[in-house]
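Work through each task first, then compare your steps with the solution.

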Amino acid sequence: MWFGQANSFRWAIILAAFAITLAAAGQSIAQEPKPLKGVALIVGNGEYVYLHRLVNPANDARAVEKLFDALGFDTSVSANRDARRLKRDLDSFAEDADGADVAVLYYSGHGIEAAGENYLIPVDADLTALEAASERLMPLSAFIDKLKTTVPVVIVLLDACRSSPFPPGALIKTSSASQGVAVAASGLQVPKGLILIARKDDGESIGTLIGFAAEPGHSALDGAPGQNSPYAAAILKHLSALRGEEFGTVMRMITEEVYLKTSGRQRPWVNESLRRLLYFGKAAPVIQGDEGDILKERRQLLLTIAALPDFDRRLVETAAADGGVPMDALYGMLKTLGSERPKDSGELDHVIRAQTVRLKELLTERQTLRSTDPEIVRLSGLADQALSEGALATALRMHEHAKERVRELDPILENAQAALRARWIEAADVYARSAAAYEIAFNYRKAAEDYSVAFRKVERWDDHLALRYKTGQINALIFHGRYKGDNAALAQAISVARVALDRWPRATASDNWAITQHKLGIALSDLGSRERGTTRLKEAVKAFRAALEERTRERMPLDWAATQNNLGIALQSIGEREIGTARLEESITAYTAALEERTRDRVPLDWAATQNNLGIAHSMLGERETGTRHLEEAVSTYRAVLEEYTRDRVPLDWAMAQNNLGAALFALGARESSTARLEEAVTASRAALEERTRERVPLDWAATQDNLGSALSMLGEGETGTRHLEDAVTAYRAVLEERTRDRIPLEWAATQSSLCYALSKLGARESGKTHLEEAVTACRAALEERTRERVPLKWAATQDNLGIALQSIGERESGTTRLEEAVTAFRAALEERTHNRMPLQWARSQISIGELLIEIGSRTGTSSEVEEGRSAVAAAWEVYEASGLYEYKNAFASKLAEADRVLEAIKN
């Protein structure tokens with residue numbers, strides 16, 4: 001976790017022509033810093049006699065001593081000391097430090113903590129040493145206190161935060177009379193008593209800084225045998241080449257370097273009581289040239305990481321862990337996005353995960369460069385090094401230089417026939433590597449251009465590479481179209497894929513043809529989902545089915561499953577826009593097939609993704625059936641998804657599944673007389689909103705708020721008061737602050753329609769007509785976007801809601817105008833909500849029409865209106881009876897009896 005406090009930076013660097021500038025916080029640095037005296041004691045204890053040996057402290061001590069010596073310090077080394085000699089070395093150093101301006105202790109070895117005291121462990125310590133800790137172990141606080149009385153700046157660097165070398169439950173005693181306190185299992189703690197002490201010569205003590213290799217209570221890593229610990233390596237990397245950086249800046253670099261190199265397992269920490277900012281003078285000469293550029297960009301990246309919020313860190317850490325890729329490049333991608341970074345955290349998470357997949361492919365595909373040109377080998381190697389360090393700008397620059405070299409070599413390629421094939425492949429490889437780097441930097445348009453050049457250079461010489469580069473071009477165009485909202489890029493991807501199908505026909509290159517069909521299907525599906533009609537989506541279905549003829553389950557099971565999943569998505573998109581259920585049922589078949597290979601134990605996150613898609617298809621089917629089988633299936637599926645999509649692992653995916661579960665529970669609750677399912681829907685929606693916050697993912701937040709409003713509205717129908725209905729109205733109005741018409745018109749219209757319904761139910765319980773008139777306004781606004789041509793079923797649902805609002809108003813007025821308008825709205829709904837397609841919805845509208853006609857006939861004395869109304873109610877009862885909804889029998893009998901009474905009154 002990142003410590004946000006101002007004093008939580010890491011340890012700092014001293015210098016070559018050693019000079020330290022001290023400044024009060026907020027003051028500027030002195031123009032000509034005075035050279036000051038620095039002393040350093042370097043301790044490396046690894047050859048323990050009785051405790052677990054450490055392989056790297058000797059390496060760490062040698063490297064750090066060499067560094068401080070080069071920086072102008074008067075250095076002393078204490079290696080593998082027993083208790084007597086270690087105490088003597090520490091005491092001597094404290095005495096000799098008198099008169100110095102800064103004193104540094106670097107310690108690498110075992111260290112323990114007990115009751116707020118940190119102890120350095122000599123190499124002859126054993127379990128009995130704990131019985132006389134004050135004599136046989138080295139308490140750190142006493143040493144620091146002694147140094148502070150003579151030296152204005154004390155810096156202690158502890159690479160000693162490893163696990164305790166003593167048995168669990170071991171007790172430490174400072175005297176024979178002591179009862180003993182437990183030794184911490186791992187790590188060190190904040191030393192007690194860090195208080196400024198005045199110098200004996202009445203000068204001012206600047207203070208103390210203690211740098212820990214790991215956070216308090218956490219273990220630090222020793223590193224691979226024969227190398228340096230991660231902490232020592234970060235110090236050496238970032239300390240020796242800085243120029244005049246403030247202490248805290250350097251510490252943040254070292255902190256994030258260790259964090260990245262240990263994949264987040266270790267995070268250094270600093271405790272300090274300094275009363276001045278420290279600026280160290282110029283250091284050893286900085287690394288020049290291309291390697292220096294990589295290091296400079298690396299340091300900028302480290303400082304960027306240090307300023308990131310915890311949520312962004314968690315996104316990168318989780319994506320890197322799930323994808324099996326290093327965090328360095330992912331953080332580099334995040335930095336490269338700059339102002340184009342998605343403001344919606346959910347979208348950012350999807351972008352990072354998509355890039356993680358591409359990065360893993362890139363790292364897997366990278367091979368040793370086949371080149372005879374030393375400059376290309378050098379530049380490509382530097383580009384790979386920069387990419388591994390997260391220095392994407394430098395990597396791209398190296399690739400540009402490599403391409404310049406290729407352009408210089410083009411005439412030679414054209415004239416030299418010997419090894420021509422190898423050289424053209426080499427030239428294509430340079431462009432392909434550049435394209436991959438541009439993908440990592442989110443510049444998919446440039447990546448597509450480079451892949452196109454790579455294809456042209458290699459198409460005559462290597463068919464396998466030609467397919468790879470052509471596929472890369474298609475992929476880059478798809479990603480550009482998907483993330484930039486560029487439909488032209490998706491159209492270009494479709495065009496390029498169709499050209500590729502001509503290049504690799506099924507008869508002669510069946511596998512290549514199948515891969516291209518799959519990519520074509522993805523591009524068609526993406527573009528089709530943005531268009532009004534279903535032409536592109538149907539073409540996508542055709543492409544996926546063609547790919548499956550070659551991508552068989554027996555030959556390539558996971559590829560087959562991926563295509564089945566994408567086929568399901570395309571079929572589901574078509575089914576959502578059609579009246580019938582055939583396409584949705586086909587999508588379920590495709591998802592179910594994919595899950596035969598995308599098993600939970602084999603690919604858990606892919607399994608969860610397909611299960612989630614399956615749940616959506618069941619939910620859509622459930623909305624169109626009279627029973628509840630598909631809705632029950634959806635609920636069961638979402639609950640299974642939530643076993644894998646846990647909140648701590650993938651919080652936004654967990655929230656998405658909770659949202660979908662809430663929607664399915666609401667659909668079930670709307671068909672049941674009890675409120676249990678609706679209450680569960682409210683609980684699921686509110687759980688989702690704990691992660692789907694408005695600040696983090698505004699549109700996802702709005703979607704879940706909309707679902708919550710629907711559940712509350714339905715609960716409100718069954719209560720005598722208005723609390724739930726008022727809460728629903730509040731929820732919908734909040735949604736409309738994010739779901740604006742110009743931003744997402746269809747979703748805006750959906751919420752307006754839901755608001756209309758809630759206002760209608762609320763207005764029906766009030767004496768005035770204000771809420772009812774607002775309901776009519778909301779429904780008519782929704783119908784401006786929810787046209788019959790565009791979304792016929794949703795248009796019908798809004799017409800039904802409009803009818804409800806108009807009916808309530810008409811019942812409070814003396815005339816029949818509003819009642820007749822309500823009848824017109826309900827009859828319009830029935831043009832799409834037919835008896836065959838949606839019997840229960842059809843029946844509900846028929847009940848409303850019947851009630852209205854009976855009331856109109858009663859007011860006008862027209863028996864034909866009443867008779868037509870009675871027939872409508874009777875027809876509705878036939879559907880309810882066929883569906884087994886006998887609990888409504890008395891209600892229908894009452895309505896029919898009322899019609900008979902009105903007819904008798906008119907007759908008389």
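**Exercise 1.** Find which residues Asp 89 is in contact with, leaving aside its neighbours within four places in sequence.

*Solution.* Take contact as heavy atoms within 4.5 Å. The search returns Leu 41, Ser 78 and Arg 81 as partners of Asp 89. Finally, Asp 89 is buried because its relative accessible area is 13%; buried means under 20%, exposed over 50% and partly exposed in between, with a 1.4 Å probe and protein chains only.

A word on the ground rules: this is a predicted model, in which local features need pLDDT of at least 70 and side-chain atom pairs count only at pLDDT 80 or more, while totals for chains, interfaces and linings use all residues. Residues are numbered from 1 along each chain as its sequence is written, and side-chain values use heavy atoms, leaving out hydrogens and water.

**Exercise 2.** Work out how the rings of Tyr 444 and Phe 479 are arranged.

*Solution.* Rings of Phe, Tyr and Trp (its six-membered ring) pair if their centres lie within 6.5 Å; planes under 30 degrees apart are stacked, over 60 edge-to-face, and the rest tilted. The whole structure holds nine aromatic pairs. For Tyr 444 and Phe 479, the centres are 5.4 Å apart and the planes at 25 degrees, so this pair is stacked. Tyr 444 lies in helix α14 (residues 444-458) and Phe 479 in helix α15 (residues 463-484), so the pair ties together parts 35 residues apart in sequence.

Notes
Helix = DSSP H or I, 4+ residues; strand = E, 2+ residues; numbered from the N terminus.
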